[in-house]
Amino acid sequence: MISGDSITLRLGGRAILQSAYVDAVPGSITALVGRSGAGKTTLFEVLVGRRRPDGGQVRWNGERVGRPALPALARRGLFYHPDRPWLAVHLSLADHMQLLGTAHDWRGAVDALGATAWLGRRIGTLSGGELRLAELALGFALRPTVALLDEPFRGLEPRHRDEVATVVRRFAAGGAAVLYADHDVHAVRGTADRLFSIEQGATRLVPDFRERPLHEWYHAWPT
Amino acid sequence: MGVWLTSALFRSYLRRFILLWIVGKVANAATAAVVGLPPLAFRPGTELVVCALELAVLVAFVRRANEDILLGNLRLRLPVALAPLVLVHVALSLATSLLA
């Protein structure tokens, strides 16, 4: 399990994260929901070591990670999907899969996401939805124990969204911890098991979020 | 590491690095000629600086394309992934100096 505890970050004199807390729990899907600019991406970047916070700590299975770095976290079982394209545009998905080694069985992940049809096409020629599925196919083929997915559903047509949601659910049902960021609050109800809201860089766990009206997901609601 | 060195991604970095090496060698040779040194001679200190510059440019390309995230997910640290290119630089520069 990964968690970020009391994460604070200021950029250009502005507080981006204010004592934010978020975690991912094995066997469940946790959503981090907030408006654009609320700090979702920045919090994810702190968790994987792409940004150094002013305060707070990242923990892995409760143990403090001194200086988080993606390769080291990936060796522990983390997969990070950022909110922007990250595959090599001049290579095909098959080329990427070969990076996993010949002993690695990645066909299942590719089939599950319906990405087999464009396995040999250059990444740069894929549509936005196809690209997202290709990225997730590679990520799930790595068989991570924790997945941090920043806006994995953004730009996907409903069919692709359902495919991704199904794979994410299956992945969590297998015991993995999934933490994903989204701003589609309606879709989150059908996908997530747990929910953190984030507003102006501060987070809050929202219990019983499926039963609560949307305005109660944010910090204005009384405790 | 064997999988990485035989991968299409590493080969693409190798191609880009060789282009950068050519640019670096031309610039290095021109500068050496101006100050009256043998243009294609192997000078370890200069080669170290040029190689560092070539790698810095390549790293900038890799980061710009977010491929450092790809490498990270594949559990590869960028310095480790690109380290073999130092040997490529040395080999190419030594071969050029011997042929000159």
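Predicted model: local features only at pLDDT ≥ 70, side-chain atom pairs only at ≥ 80, totals over all residues.
**View 1. Packing of helices H5 and H6 of chain A.** Helix H5 of chain A, spanning residues 128–141, packs against helix H6 of chain A, spanning residues 158–173, at an angle of about 10°, and their axes are 11 Å apart. Because angles under 35 degrees count as roughly parallel, H5(A) and H6(A) are therefore described as roughly parallel to each other. The crossing in which H5(A) passes H6(A) is left-handed.

**View 2. Residues in the contact of H5(A) with H6(A).** On the side of H5(A), the contact is made by A:Gly129, A:Leu133, A:Leu136 and A:Phe140, while H6(A) contributes A:His160, A:Glu163, A:Val164, A:Val167 and A:Phe171. Sorted by class, the contact of these two helices has 6 nonpolar residues, together with 2 polar and 1 charged.

**View 3. Strand S3 of chain A and its pairing with strand S8.** Strand S3 of chain A, which covers residues 29–33, is mostly covered, with 4 of its 5 residues buried.

**View 4. Pairing of S3(A) with strand S9 of chain A.** S3(A) is also joined to strand S9 of chain A, residues 194–199, through 4 bridges, and these two strands run parallel. Here the bridge partner of A:Ala31 is A:Leu195, which belongs to S9(A). In a regular strand, side chains alternate between the two faces of the sheet.

Definitions and conventions: Residues numbered from 1 in each chain as written. Chains lettered and ligands numbered in written order. Axes fitted to C-alpha atoms, helices over the stretch in contact; angles between N-to-C directions. Parallel < 35°, antiparallel > 145°, perpendicular 65-115°, else oblique. Left-handed = near helix turned anticlockwise from the far one by under 90°. Contact = placed C-beta atoms within 7 Å. Nonpolar A, V, L, I, M, F, W, Y, C, P; charged D, E, K, R; others polar. Buried ≥ 20, exposed ≤ 12 C-beta atoms within 10 Å, placed from the backbone. Pairing = 2+ DSSP bridges.
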